[in-house]
Amino acid sequence: MPGSQYRVPSAKIHHSQYSLTDSSEIGPEDEDADGELRLTPLQKLTTALCKDEKTIKELIIGRRVGFYKVRGEIGSGTFSRVKMAFNALTKDKVAIKILDKTRLDHQAQRLLSREISSMESLQHPNVVRLYEVVDTPSRLFLVLEYAGGGDLHNRICSEGKLSDNTCKITFAQILSAIKYMHNLNIIHRDLKAENVLFTCSGCVKVADFGFSTQVSNRNDTLDTFCGSPPYAAPELFKDEYYVGPQVDVWAMGVLLFFMVTGSMPFRAETMGKLRRSIIDGAYTVPPWVPGPCQRLIKGILKPAPAERCAIDQMLGCDWLLPVEFPWSLVPPEPVSPLQSLLDLDRGDLEEEVEEEVRVLLEELGFTSEHLRNNPLKESRSPVTGVYRILLHRAQKRRGYDTPPVVRGMVRDPKREGLRAYRGLRHTSKFCVLS
Ligand SMILES: Nc1ncnc2c1ncn2[C@@H]1O[C@H](COP(=O)(O)OP(=O)(O)OP(=O)(O)O)[C@@H](O)[C@H]1O
């Protein structure tokens with residue numbers, strides 16, 4: 001049986017920190033020729049975390065967080081710092097968003113718990129995955145999928161507007177992510193180029209669910225201003241209530257304009273003027289923008305929310321016709337970990353993925369008892385972290401994160417930097433309307 005060499009001996013003191021205890025007894029087969037215990041990678045790690053001085057010191061100074069070895073800083077936000085890290089068992093690269101709990105007021109805590117619960121329910125190739133949450137008395141660590149290709153804002157600022165084909169491919173992936181979220185009644189509320197990340201292989205990852213919310217019905221009204229003013233829909237400035245999906249749709253129109261032209265549709269020196277131009281819908285699409293794309297922008301940036309294009313209309317528009325969507329456009333149902341481990345009826349591909357993950361978990365030293373004791377839907381568990389990382393790795397190997405292609409695509413070699421926007425990142429706001 002694969003992984004049988006990693007049978008877990010009783011190692012309660014080693015594992016207690018992460019509830020990875022096991023009731024099996026140490027047998028002679030757990031010892032090697034010179035009488036030393038043969039430890040699984042999991043046992044070695046948990047032992048080091050409890051007993052090894054160097055490892056404990058790394059934990060204290062923040063060079064390690066749970067099962068992760070922390071490396072350099074990637075960036076920082078209003079309440080957070082983001083660092084690159086590796087899972088010590090799987091060696092996969094992740095991004096860790098670090099939040100100082102002492103700096104979070106009541107509202108920030110509420111937003112954070114929404115960010116976690118939104119991300120927990122999303123499993124889509126174009127949405128940054130949440131692998132694990134590590135909670136300590138002073139800090140909260142969100143272990144996220146690493147998107148090493150930078151963000152859309154920086155890309156446009158340094159390389160200029162995107163070519164028509166790159167726009168199509170990028171926008172199609174954002175649309176796919178938003179359609180999926182809206183189907184689950186999750187509204188992002190802070191879509192902007194800064195929150196569209198890329199992996200090193202060019203796959204789009206929508207990030208930052210700090211302002212997201214889940215509604216019980218798609219037409220439910222909301223009353224909190226969320227997001228960045230240049231991306232905010234007119235109703236956010238003038239009405240007391242708004243309908244969530246239409247606000248995300250508007251922000252996508254602003255994003256599309258920015259990608260295609262390299263400039264923002266609504267710009268002004270003061271907030272008052274910006275508000276006025278958004279309410280009036282005062283923008284001009286440059287005449288050189290291809291007709292089908294112009295029509296799409298105009299269909300989205302309609303001041304009256306009810307007149308705006310719906311996501312399905314956007315997906316079916318002329319401009320996106322040559323895009324060959326990957327199967328990820330309609331991704332399979334999120335894999336339910338418990339289902340997967342309890343051998344319930346699954347499709348062939350998913351069964352294959354799950355079997356691969358199960359074998360890898362076993363090789364690392366996770367027993368079926370560990371898995372039974374750790375509900376894998378619970379993000380605050382290192383077992384979940386390892387499980388989700390391995391699951392994602394297996395899905396990626398099967399092309400799950402492959403970006404779409406445009407039929408007959410020709411690369412655009414001419415790119416121009418946009419100094420005007422460099423360093424002018426859009427900050428997001430949160431306040432009750434009226
Ligand atoms: N999963 C990730 N992979 C790679 N880089 C990331 C990831 N998540 C965030 N980053 C980068 O880390 C930086 C900080 O991100 P974070 O989400 O903490 O704040 P922000 O969204 O930029 O700011 P704010 O929270 O103020 O809106 C950003 O530059 C972002 O591109």
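A: Two residues are in contact when heavy atoms of theirs lie within 4.5 Å. In this predicted model, residues 24 or more positions apart account for 68% of the contacts in the chain with a separation of 6 or more. The chain is built with 15 helices and 16 strands, and 53% of its 434 residues count as buried. Its accessible surface comes to about 20,000 Å², with 51% belonging to carbon and sulfur atoms.

Now to the ligand. It is surrounded by 18 residues, of which Thr-78, Ser-80, Glu-145, Ala-147 and Asp-208 are the closest. In the side chain of Ser-80, an N or O atom is 2.5 Å from an oxygen atom of the ligand. Asp-208 has a polar side-chain atom 2.6 Å from an oxygen atom of the ligand. With Glu-145, a polar backbone atom is involved, 2.8 Å from a nitrogen atom of the ligand. On its own the ligand has 610 Å² of accessible area, and the protein covers 83% of that.

Leaving aside neighbours within four places in sequence, Arg-129 is in contact with Glu-145 and with others, including Val-143, Leu-144, His-392 and Tyr-400. Arg-129 is buried but has no salt bridge. Its nearest side chain of opposite charge is that of Glu-145, 4.9 Å away, whereas a salt bridge requires the nitrogen and the carboxyl oxygen to be within 4 Å.

Definitions and conventions:
Residues numbered from 1 in each chain as written. Predicted model: local features only at pLDDT ≥ 70, side-chain atom pairs only at ≥ 80, totals over all residues. Heavy atoms only, no water. Buried < 20%, exposed > 50% of the residue type's maximum accessible area, 1.4 Å probe, protein only. Lys, Arg positive; Asp, Glu negative; His and termini not counted. Near = heavy atom within 4 Å. Polar contact = N/O pair within 3.5 Å; in protein donor to acceptor, adjacent residues only side chain to side chain. Areas by Shrake-Rupley, 256 points an atom, 1.4 Å probe, with all protein chains shown as cover. Helix = DSSP H or I, 4+ residues; strand = E, 2+ residues; numbered from the N terminus.
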